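Biologist: Please show me the model. I would like to go through its charged pairs.

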Amino acid sequence: MTQGSSASLEAVDARAEYITDSQVHEEPSGFAGIVHPFRFHGDATEFFRIWIVNVALTVLTLGIYSAWAKVRTRRYFYASTEVAGSRMEYLARPIPILIGRGIAVALLIAYLATAQFAPIAHLFLILALVLAAPWIIVKALAFRARYSAWRGLNFRFIGGYGEAIVNFLLLPVLGLISLGLAWPWVKAQQQAYIAEGHRFGGHQAVFRSTTAEYYQVYVVVVAVGVALVMGITLLNLMAMEGGSVYLGLALIIGYFAYLAIFVFLRVKLTNLFWNGMDLDGHRFQCNLRTGPMFAIYSTNLVAIVLSLGLMIPWAMVRTARYRAQCLTLLATDDLESFVAEARHARSAAGAEIGEVFDIDVGF
Amino acid sequence: MHGVLYLGSDSRRRPVEVELDNVALHAREVDGTEHRWPRAGIVATPPLASTDRTLDLDDKARLTLPDSEALQAWLPRAGIEGWVDRLERRWVLVAGAALTTVVATVLFLTLGLPWIADRAARQVPAVVEQQIGRQGLTLIDRAMLAESRLSADRQAGLRRQFELLIAGLPREADYRLEFRRGRVIGANALALPGGIIVLTDELVELAGDDGEIIAVLAHEAGHHEHYHGMRTGLRAAGLLVALSAVTGDAGTVTSNLIAIPLTLVENGHSRRFEREADAFAFDLLLRKGHSPAAFARLMERFEQRSGSVPGWLSTHPSSGERAERAKTAEAAAMNDVAD
């Protein structure tokens, strides 16, 4: 392991001298410091072996091994991610995750059973889940942060429950009441909450992305969405005259267009999140682009379907590699002055419930 | 051995030379600083492909170094994950694992799960099934259907014919015939769990004679007699639980694309149920002295009106196919009579 794996430069505004292998589209101007590209060292063939054994053992143990599978997968992806000469670490152990999963699966069975057989109880359960969503989000973030580490130091998430309730229950309602006009602002508040709840190395993160930037993103989404709906309606009308070919066409176009909008939104929000992250003056630059990401997702989709799922590990590695390629750390010093954060053990139940019910806190 | 030491109190990378002896681990930094940790207190992350091992030295300091036989011999045994890691390193075993998984999963999803769901469907208490059906009716009434415009006499007449049709069936007591104007769903008939059968005015108008209507009602009765409603519901729920359990951590891409194969599989099951209901209908019609050819005529009317969606995309076999089967059933019955 060499120390010289990142470009060490102290030039100001010297674009040509930044040696980085990510596709940087907006180089920071006037930045004085060290540019550390994230690198993903994982290999699809290697991960396939881990993945397929994960799946086989999970199936054979009727799901119990899934906790070990999750830890091994996460550890592999974390350990394959390197920045500034050091790899990320995933510290969680399987047994707490197994317990968390048990609780989550019990909840899932109750959810599905009541859906079929006791609709009123089902409605209460949905209500309970919606009200518990802020708690689940906080727990999931706290668990992931606590058990992620870099250079021997673990992260922390200290976002409060009260703020979580405001950001994830009250503000979305506001967003709906305003017929979507306030939604970009709500999203900005949510991402700010998540970013600023994180601590590392004795510092708390500050969030610098502006609400205006979120509005720019959603305006595009709405415009494209409207065009899409009009297009699909047109195709449906033509189907009434000309038969089911147009119906099939509408279906396929609709699906891919929906995927494209989904990818666009995800890409832009991820970029806004990382670009806004400020940790003791150190910044990040995230340059994900919709085109390549959409290409990756759709080819992944085709490959996975055609291979009956066997290409999933290849797809996962590919996606991770692209994401790492687009992420850069802009450090203002040698990164050696971080100190240890407090460490408390965390229960995995909240995080697992969040995963099972798809309460998304990804970034 | 070369490694990188992180003391845990700060974020400095400290490249070190590592030596292992019986009682301790020694690490010497580039500038000569020496560290020592007792062997007994050291815990290592389990081996994982080609990633470096990380040693937890004293609950604060961590040492990262490449795996090696010497290191493995020095560390305590790795437990479950150590065994799994050995499994992962041998391609033959990996291939075997892949094959086992594919076979087991396919068998479970195509045979095991439907079998379990079907058994369970027959155990559901009648009261529960009827409740589900009633709620289903309320839902579609609110969302799509309207009050029937058929005259009371017409409804009574059809009801009488229906009662004759279902007389003697195992689940005879459950049936409840409901007339509605279909509006969005057009000419259609639905069987809900618990025995409710919805017949739309548009279908009554489309049919050439009452024989065609009775044929459709026989088909719907087939759905109820074979518990198709509950079986479909339980199969769908079971599939969801199984897939969630196995792919729990596979991420958004996978969950987006579960929808496609899931729909195709469900449509496949659905088509089999439709064929089952068709076969039941032909048999019932013949027993009660009706003609399956009436069913064929109605299917042909459907096909003329709306064209057809490709078979594998549809929840029903194509109308042409069903008309053919009806005619075959009719011809077979004629042959039996002739013999």
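Biologist: How many salt bridges are there between chain B and chain A?

Modeller: This is a predicted model, where local features need pLDDT of at least 70, side-chain atom pairs count only at pLDDT 80 or more, and totals for chains, interfaces and linings use all residues. Residues are numbered from 1 along each chain as written, chains are lettered from A and ligands numbered from 1 in written order, and side-chain values use heavy atoms, without hydrogens and water. A salt bridge puts a side-chain nitrogen of Lys or Arg within 4 Å of a carboxyl oxygen of Asp or Glu. Between chain B and chain A the count is seven.

Biologist: Which residue of chain A meets Glu81(B) in a salt bridge?

Modeller: Glu81(B) is buried at 2% relative accessibility (buried is under 20% relative accessible area, exposed over 50%, partly exposed in between; 1.4 Å probe, protein chains only). The N to O distance is 3.8 Å, and the partner is Arg93(A).

Biologist: How far apart are the closest N and O atoms of Asp85(B) and Arg89(B)?

Modeller: The two residues are four apart in helix 2 of chain B, so about one helical turn separates them. Asp85(B) is buried at 3%, whereas Arg89(B) is partly exposed at 42%. Their salt bridge has its closest N and O atoms apart by 2.7 Å.

Biologist: Which residue forms a salt bridge with Arg171(B)?

Modeller: The pair links distant parts of the chain, 42 residues apart. Both residues are buried. At 2.8 Å between the closest N and O atoms, the partner is Glu129(B).
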